[in-house]
Amino acid sequence: MTTTPDIELYQEKASRTLLGVLVDVSHSMSNSWHNKDGKKLPRIEVVKETLNRKLKEEQMRRRTKHYNLDSMDVFCLGMGFRFPMYIERDILTCEQEQPLEKQEKTMLIDLICDLLALCEILPSAEKLEDFKERLNQKWQQCTKDVLDQSVIVEDVYADLVDYVHAALYDTAAQKHHRSLRYQLSRRKLPHGFGWLSRLLEEWAKYKDEKIMTTAQIAATQYADEVFRKTNNDFTNNSANYAAIITRYLDRFIQSYTASTLQAFALGFTPSEIVDDLDEKQALWLAERIYVELDGEVRKHIELTIKYHQQKLLLAKQSISASLDKKELNRLTKRFVQKYGWDHLKPLIEDTVYNMVSQHFESQAKKSFPHWIRLASAREVVRPLPTVSHMLPNIIEEHIYSEEVMFGATPLRQALDRAAIRFIDEAYKDHKKVLLIISDGEFREEAEVMVSANLLKRRGVTIITCLIHNRNLLSRIVSGPGKEWPSGAKRMLEIASEIPEQNDMPDNPNQKRLARTLMGKKLCYQINHSTILDEVIDTVFEESTSLANDTPQIASPKKRKKRSSGVKNAVN
């Protein structure tokens, strides 16, 4: 397994570092690989996960140790993106262009994309969540007056139970107390009829208790059954209600999310975008939704009253009670309305939220080619503290797919794009480091070497991270093995040599090690994300130590012992 020595990446001390990262996103990077947790992922996703994680760790380390946070500037390029192109051939007739009916579709497979620019164009997960929350609040604000028509604050359950219980008990008790048998039970009968008096008293007491118990049970059962049916019916019909909401809002949200993503790409904030919502249109749609859903609630009320009042009728007859049907219907209606809308209001909010999420994903997928093309035209360099991600971490199932990635490897063009930044006068006093992550399978070998050598002569230290199925590098070397594949040989040749140190260490062992390392190539095989971790750590640590003017001593980097199986973690 390759060791990562602590070395000076360039002889001259500099207060700032310009770090460039070239990431191969060609077809070979779609093969499975193990991440830090041992989970199999496409290679590019492991690289993305590692780079983004190490970026956050380094930012935190610099804050914790009070290093100069602005001592490093970063750029990151992805090479091998795919881009669909539609060619429309025109014919010239009478000095007027006439487009042909058919378009020819071709696929550009070697596009270079500025990944920091792409991360800035794509809305982050945090920004999308913030936007969705703000939009949800805006929707509630716009539709409050409409949907608040359904709000019922009183305790409709207690009102319904109390009414049914009181009505059944009062009417049954009044009728019972007016009966001849009850009247006799309250009178003193002539001598010799004591047994009859006791029977009548027992009957009157039994009848009172029956009325009380029946009224109480019937009232509670009625309310409970109405509640259960309401809850079950509205739950079972949620999909139908969601379809009603979707039918009214689909086109509105689709149009709004498309313009929103465009606004995000231009740099507008979530609050600015949400403020641009068409409130009149949202209010009109909310009114249509309310009217149709309220009609569904009313249908449910009619069915509920017909079904459950039949059971209540049997209880009423058993104790000879009576109910005011009009009042019972009014209270039952209020009961169903409250619990029905208690289900529908959050359903509306959830449906709107889910529709926004789905349309965002759909529109984002359609917008990817445009965003990638837009990012490919930019040349972004950012101070390390301002970089949120090296590679995008939003809607990953569409980004890290064959639709937009896994093309060819245009390394020469990528080196030229990197050179534009490295030779810029703004960075002439920076220490310059270029990290290349690839399998070395690229065309134009001679041109690549010319570009790489020119960069190295300009003081750019090139560190190559080789990805290959075979375990080729267990230590840093100065030359390739006899049976190395051509891609691995190219990656080794591109890498810079470890330079001779001006100030050799006094310690004999360290001095001997420093001499041993001189002339070796800065090429590492990263068959596991942990090795990539260590390479990145070396680059970051050299940057902070030079920025703080601390002398460097060449020595092997100490690492935790790992099992030998890690070497062969590639699939």
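User: How many bridges join strand S9 to S10?
Analyst: Seven bridges join S9 (residues 431-438) to S10, and the two run parallel. Strands pair if DSSP finds at least two bridges between them. Strands here are DSSP runs of E with at least two residues, and helices are H or I runs of at least four, numbered from the N terminus. This is a predicted model, where local features need pLDDT of at least 70, side-chain atom pairs count only at pLDDT 80 or more, and totals for chains, interfaces and linings use all residues. Residues are numbered from 1 along each chain as its sequence is written, and side-chain values use heavy atoms, leaving out hydrogens and water.

User: Ok, which residue of S10 stands opposite Val433?
Analyst: That's Thr461. From S9 the chain goes through helix H13 (residues 445-457) to S10, a right-handed β-α-β crossover. Right-handed means that, with the strands pointing away from the viewer, the path from the first strand over the helix to the second runs clockwise.

User: And is S10 mostly covered or uncovered?
Analyst: Mostly covered: seven of its seven residues (460-466) are buried. Buried means under 20% relative accessible area, exposed over 50%, partly exposed in between (1.4 Å probe, protein chains only).

User: Switching topic: where does H10 bend?
Analyst: At Ser367, by about 50°, with Pro369 following within four residues. The bend is the angle between axes fitted to the seven residues ending there and the seven starting there.
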